[in-house]
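This report describes a structure chain by chain, with selected residues and one interface. The sequence and model are shown first.

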Amino acid sequence: MMSKKRNLIALAIFLLIALGTITANLWLPLSPTAIDAEQRLLSPSAAHWFGTDDFGRDIFARVVVAARVSLAVGVIVAIVATVVGTLIGLISGYFRKTDFILMRIVDGFLAFPALLLALALVAALGGSITNIVIALTIAFFPVMSRVVRSAVLQINNAQYIEAAKTTGTNNFVILFRYVLPNVLSPIIVQSTFIFAKAILAEAALSFLGVGVNPSTPTWGNMLQESQIYITIAPWFSIFPGVAIVITVLSLNILGDGLRDAFDPHSMKRKKKKRKPKQTAPAA
Amino acid sequence: MLEVNDLHVHLETPAGLVKAVDGVSFRLEAGQTIGIVGESGSGKSVLAHSLTKLNPEPPATYPKGEILFQGENILTMNKRRLRSMRGNEIAMIFQDPMSSLNPVFKIGKQLIEAIQTHQKLSKKEAQQKAIELLTDVGIPDPERRMQSYPHQFSGGMRQRVLIAIALAARPKLLIADEPTTALDVTIQAQIIELLKSIQQKYGTAIIMITHDLGVVANLADRILVMYAGKIVESASTADIFYKTAMPYTWSLLRSIPRLDAGASERLLHIEGQPPNLIDPPQGCNFHPRCPFARDACLQENPPLGERGPGHLAACVLSQPEFEKEKKGVLLS
Amino acid sequence: MTALLEIKDLHVHFPIKNGTFQKKTGKVKALNGIDLAVNKGEVLGIVGESGCGKSTLARSIVGLQKPTSGDILFNGEAYTDASAKEIYELRRNMQMVFQDPYTSLNPRMKVSDSIAAPLKAYKQTKNLESRVKELMELVGLNPDMHYNRLPHEFSGGQRQRIGIARAIALEPKLIVCDEPVSALDVSVQAQVINLFQDLQKKLNLTYVFIAHDLSVINHIADRVAVMYLGKVMEKSNRETFQAHAQHPYTNALLSAVPLPDPDKERTRERIVLKGELPSPANPPSGCVFHTRCPKATEFCKTNIPVPEERGVPGQEVACFYPVGEEEKVRITL
């Protein structure tokens, strides 16, 4: 029960952040870009909930707007890495002859730490949002393809796959109508984790100065700008940092919750299968 | 020796309350073999586990009834007494011998441990005893086999080891829950012969739980037939097979293919599935599937009634009525 | 008349791989020279204990397992080395019913889609819905109630009916049934066995029916092949299978089956085989059964018997010392 509540809270927080940033223009009382030299580095107050930055801009407004870039990068990376990783994992797991080659390539990518790989790629490609998405996708798809492959290997010998083969169903149909739906749960769980990791990675890249254009408000950029003021205006660093923590945490909790919900080995389903007497036998 | 009176065992599941054992009573004398026959979901396994209170609680609860073993009620026994009873006086063997053995310890170690928990013996004496036990259950070359791990044994050999462990303390009662279901037919025959010889040698009483009427025909003195948590027929083995008084038992006997039957005979067809115990049918549990069902069967679940000496059956039909009806069904 | 299905000297070996580099260190001879034939309209029962290779045989017949050597012929045409397209054409006439009704259906697919899968695969999509409903009725399911349900809403017996509906959808000539009733409850087994028999008559089907339960085989099969360690020990027909079994192994199997009849149980003799099944990675020399055979001699350790007729017409036995009538353990009284 406890964990169910936790999942709901995480979902609510995440939705609040997402909706809040999308609709920001409609409700934000202060502009995130209005510069006011008189109001530099003010501490949090009723007028500026999170204080102001070194140009006198409202930090609350900037944190809210910055979520757009972070979430957009996260969503796109999660989707692209999931699609690419799933395709490779499906092919590698189902067509055993391709497995060796595909997995050695994937292992090659996995050999580099994800962030380092992304850093090198962005440094080479230049720091635009598109390039960051490409770099992070390359960094994160290998894990997905590993996860999908191992899930496919587990169900490869399931009788319903063999049954589909004996009924003359072609491999393409088997792959997308029989294999994919049955490995969907680890894919969804893994993609929420990629989402969270991508947000973190984007912030890290921006913080290191190779990320999104410094004029665009992102959490990473804000952290980078706030560095030198950390002793005199700690709120400048704290609020973007807290935003990252809350977003990533709620995504991770959601991912864990999804994993529990999908887990075929969770107690309830296990009982149903093994001991029909303990629950209702199907009508 | 063992007396079960009006035992109820309930399982609380997310889908609702399951009355897995619903008012079961029977007696077992020393040295006797009772067969409990039923399909999956009949409650036979829950009943077997109840006898040593082994059902996990929750979901299991024991709202009513008593289990008297040599006069002591197992359901109200304290934990220490219960633990010493299990294994010492009542031992159990299960369907899946692999999951009952610890895969990381050698067979010999597990057997010696079992012996030492019940008897104060030195390591050497226990080892000697272990070798004796393994010889008793027909494991060749026991000294060497003690050094093996469970995965190095076949299913039949593992079941023999479990029987050896069960026999370590010379129990008065051995409860065997589908011990041969996972085994091949020739190995099953070996295990059944082994159980018989153990009974002759040590006078151990056996409760054999199975879905296979053939297995108990060979082994049991008495048979209890379970359906939907209740005993629906209880009689000597011969009476169950030759003077069947309950339509379920009768249909079951005629629905199984027999090796000794002519090939082209069509099997009797029992319609439907075993009932859902969360929401059992009104009246007699078997009536939706019963070829003899009539209006009276909808009214109440018939109690066990006397059909002969030591022969109980739960059916609204009296024996002469049933005999007449049987002919009708066979003809149609 | 040529047989509908013919299996000639079929071998299936699995390599045993070991170590980091997956070096082949040996092989398991799952099937080791199988010769069998199935005529149109008959039921060939294949019986044996676990590890005898009967499931590998089923998989080889439907083309899920490539044979190491030997031939399988359907309607006189070999398809051992067939291309994917030829196998596709073959399966129009040859379908399979699987053992475990809980895992043989895609859990995320409506049962109507599962039954329609072969029809879609062979582009027979005209009147698809009514055809599926017709199939559901044929196997005793209620099309109005069950059409859109998922497999987990069904009991084991009903799922096996769904599996059967899928297998007959293309109106195949041959159905390979791999232990189709062994996972079912006793009271449900009879329903499914009767369904198999009804469908056979109605649709003029031929079955290869694989089971470990001799009673089921005795009930349903016209001819029986008894397998042990990848070899056929004895081939008999319905009349001779249990009454005139000649192979010591068949006799041991028959005597081990518990009969639901206490009087017969009390009086019959039981041949209890000694020892355990040898590893198929390292099968015994000569006759593979000699290590457990009550009649084995030195001769059996070095010479390999082949199935041939020895005394009983229509019955082939792979044994040098077939069990004679006078020494037989009688099953029927």
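## Terms and basis

A residue is called buried when its relative accessible area is under 20%, exposed when it is over 50%, and partly exposed in between, using a 1.4 Å probe and protein chains only. The model is predicted, so local features need pLDDT of at least 70 and side-chain atom pairs count only at pLDDT 80 or more, while totals for chains, interfaces and linings use all residues. Residues are numbered from 1 along each chain as its sequence is written, chains are lettered from A and ligands numbered from 1 in the order in which they are written, and side-chain values use heavy atoms, with hydrogens and water left out.

A:S92 is buried, at a relative accessible area of 0%. This serine belongs to helix α3 of chain A, residues 59-94; helices (H or I, at least four residues) and strands (E, at least two) are DSSP runs numbered from the N terminus. The side chain of A:S92 makes a polar contact with the side chain of A:D99 at 2.4 Å. A polar contact is a pair of N or O atoms within 3.5 Å; within protein, one must be able to donate a hydrogen and the other to accept it, and residues adjacent in sequence count only if both atoms are side-chain atoms. With residues up to four places away in sequence not counted, A:S92 touches A:T98, A:D99, A:L102, A:M103 and A:R149, where contact means heavy atoms within 4.5 Å.

A:T247 is also buried, with a relative accessible area of 1%, and is found in helix α10 of chain A, residues 234-262. A polar atom of the A:T247 side chain lies 2.6 Å from the backbone oxygen of A:A243. Apart from neighbours within four places in sequence, the contacts of A:T247 are A:I17, A:L71, A:I199 and A:W219.

## Chain B

Chain B has 13 helices and 12 strands. Its radius of gyration is 21 Å, close to the 20 Å that the globule rule gives for 332 residues, so chain B is as compact as a globular protein of that length. The radius is taken over C-alpha atoms, and the globule rule is 2.2 Å times the number of residues to the power 0.38. Along the principal axes, the C-alpha atoms of chain B fill a box of roughly 70 × 50 × 40 Å. Of the 332 residues, 56% count as buried. Among contacts in chain B between residues at least 6 apart in sequence, 63% join residues at least 24 apart.

Most residues other than glycine have a negative phi. B:D6 has a positive phi, near 45°. This aspartate lies in strand β1 of chain B, residues 2-13, and is partly exposed at 30% relative accessibility.

## Chain C

Chain C comes to 12 helices and 12 strands. Its radius of gyration is 21 Å, close to the 20 Å from the globule rule for 333 residues, so chain C is as compact as a globular protein of that length. The C-alpha atoms of chain C fill a box of roughly 65 × 55 × 45 Å along the principal axes. Buried residues make up 58% of the 333 residues. Of the contacts in chain C with a separation of 6 or more, 64% are between residues 24 or more positions apart.

C:E171 is not a glycine, yet has a positive phi of about 50°. The residue sits in the loop between α6 (156-168) and β7 (174-178) of chain C and is exposed, with a relative accessible area of 55%.

## Interface of chains B and C

The size of an interface is often given as the accessible area lost when the parts come together. Chain B and chain C bury about 3,800 Å² between them, 56% of it on carbon and sulfur atoms; this area is the accessible area (1.4 Å probe) that two parts lose on being put together, summed over both. Chain B brings 44 residues to the contact and chain C brings 43 residues.

Four salt bridges are found across the interface, a salt bridge being a side-chain nitrogen of Lys or Arg within 4 Å of a carboxyl oxygen of Asp or Glu. B:R258 forms a salt bridge with C:D261, with the closest N and O atoms 3.5 Å apart. On the side of chain B that touches chain C, α8 (185-202), α9 (213-219), α10 (237-242) and α11 (247-255) of chain B each supply at least two residues. The largest share of that side, seven residues, comes from α8(B). By class, the side has 21 nonpolar, 13 polar and 10 charged residues. Here Ala, Val, Leu, Ile, Met, Phe, Trp, Tyr, Cys and Pro count as nonpolar, Asp, Glu, Lys and Arg as charged, and the others, Gly among them, as polar.
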